[in-house]
Structures are given as structure tokens and as C-alpha cells.
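Subject: Structure handover

Hi,

Here is the structure I promised to pass on to you. Please have a look at it first, and then read my notes below.

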Amino acid sequence: MSVSQPDLILDDVLDNPVWSSLTGSHARLAEGSGRARRYRPDVSIFAAVADPRDQQAWRDLAAAVGPGGTALITGAAGVCGDGWSLVSGGEGVQLVDTPQVVAVSDPEAIVLGADDVPEMLELVARTEPGPFEAATHSMGTYLGLRHEGRLVAMAGQRMHPAGWVEISAVCTAPEARGRGLASRLILAITADIHARGSRALLHASVTNTSAIDVYLRLGFEQRRRTSFELFRAPL
């Protein structure tokens, strides 16, 4: 799939990818109304407001999460509604695929589903790639690699902003690292995304330099810095 570089950089749905996802492809997984949405709690802790500067949007989100409820927001950069409080947060980077990414399917990768959730959750607990719930696999295709029958690596599709699909939950068991398994799965997931007519993106913490280096070597390009912040609604 050939993509022009300016289009990769300027697609502004990527500035608020969770909102685009929850009001588009993932509307079936969304809760909320008005200017705010969140994922069902069994799917993801992520939520979004149409505009972080809009107080009504935060009131709509408060109605969705309930008194004292929490929401993980990307891109708010510390801005929140009256009465909301910041619980925790960090800075991240957003990377997008380019024509230099050689996406290719992997014949050894298996599609993971509901029956694999216990193993997926166990691998997530061991490797901590980011938020992952019991129904996160319903957000898109998840692929895994097994060694002697045991799941040792996986990656999948999380947010679906218009025209894009986010690759997430990239993780490898400690005893299986150094074999290029994560790279294989990233390229296989990207191939699936391209086959569906979309483009791939990734997010990573700025402190996760080893992962960022892998993504850059595979041909992804950093588009912007962003924030990931957990906010608590007013009581």
C-alpha cells in the first residue's frame, strides 16, 4: 500500500484517535452520549471527549463514568473539566506507518480469540504492555506466537480512528525475547490492517526507548508527542 508522506502527518483524526474510534468503528463498544464516550469497562479503560477545552464534554463524561469514576484520556495535556482531578499520567509518542514498512503475514502466527483470553491476560501480567482487559481482544484482530504450545508473544489491534488502526499489546515473554517475535507480529498485524484498506499507527511511552527503536527500524515514523492521563470524575 503506497501512502504519501504528507497524508501520514496531517490526518488530524490522529490528534484525538479514541474519540474517532468510539464514535466510528467502535461505536458498538462505546458508552456515553453527547460530547463524550468511553469503552465498556470490560473492553478498555480508555475514554474520550470531543474537545478537552469543552466543559460540557467533561460533564457528559462524568455522567458516563459515574461519581468518582476514572477515565484514561489521550491528548488532553493536563486539561480537564471542573471538579475532575488528575490521578496519574505520562508522555508518549505516536508513530505511523510509511511506505518503508514491509508488511507481511506470518504463517506461524495464530489468531487469538475468547478461548485464549486466560493466556493473553497471563502474558500481559508478565510483560505489562499497557491496559488490557478481559474483552480487549474484541477491539480487533490479535495474533500470537506459541512455543511448545505456550503463548510467548502477541500483538493486536486496539483503536480504530477513521482510516487507521492502532497496533497495541505488543509483548513477548522474557524467556522468548531476542528472537524478533514482536517485529514479526507487528508486520503481520500491519499486513492485516493494509488488507482492510487502513493504515497502521502505534503509541509508546517516551521512556520505552527500546520499543520505539524497534518501530523506527521497521519503518514507522514518529508523528507527534502526546499524553496519556488518568482522570477522576467529581464525587
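This is a predicted model: local features need pLDDT of at least 70, side-chain atom pairs count only at pLDDT 80 or more; totals for chains, interfaces and linings use all residues.

Residues are numbered from 1 along each chain as its sequence is written, and side-chain values use heavy atoms, with hydrogens and water left out.

**Overall picture**

The protein has six helices and 11 strands (DSSP runs numbered from the N terminus: H or I of at least four residues for helices, E of at least two for strands). Its C-alpha trace spans about 50 × 40 × 30 Å along the principal axes. The radius of gyration is 17 Å, which agrees with the value near 18 Å that a compact globule of 235 residues would have (taken over C-alpha atoms; the globule rule is 2.2 Å times the number of residues to the power 0.38).

Of the 235 residues, 50% count as buried (under 20% relative accessible area; exposed is over 50%, partly exposed in between, with a 1.4 Å probe and protein chains only). Among contacts with a separation of 6 or more, 72% come from residues 24 or more positions apart (contact means heavy atoms within 4.5 Å).

**Around β9**

Strand β9 covers residues 164-172, and eight of its nine residues are buried, so β9 is largely enclosed by the rest of the structure. Strand β8 (residues 150-157) pairs with β9 in the antiparallel sense over four bridges (two strands pair if DSSP finds at least two bridges between them). β8 and β9 form a hairpin with six residues between them, and Gly163 in the turn has a positive phi of about 85 degrees. β9 is also joined to strand β10 (residues 199-205) by four bridges, and these two run parallel. There, Glu166 stands opposite Leu201 in β10.

**β4 and β11**

Strand β4 (residues 70-74) has four of its five residues buried, so β4 too is largely enclosed by the rest of the structure. Five bridges pair β4 with strand β11 (residues 221-232) in the antiparallel sense, and Thr74 of the pair faces Phe228 in β11.

An open sheet of three strands has the order β1-β2-β3, with antiparallel pairing. Its edge strands are β1 (30-31) and β3 (47-49), each of which pairs on one side only. β1 is joined to β2 (residues 36-39) by two bridges, and Ala30 has Tyr39 in β2 as its bridge partner.

Arg40 lies in the loop between β2 and β3. What is the relative accessible area of Arg40? The value is 28%, so Arg40 is partly exposed. Arg40 and Ala30 are 10 residues apart in sequence, with their C-alpha atoms 5.9 Å apart in space. Leaving aside residues up to four places away in sequence, Arg40 touches Arg28, Leu29, Glu31 and Ala135.

Enjoy looking through it!

Best wishes
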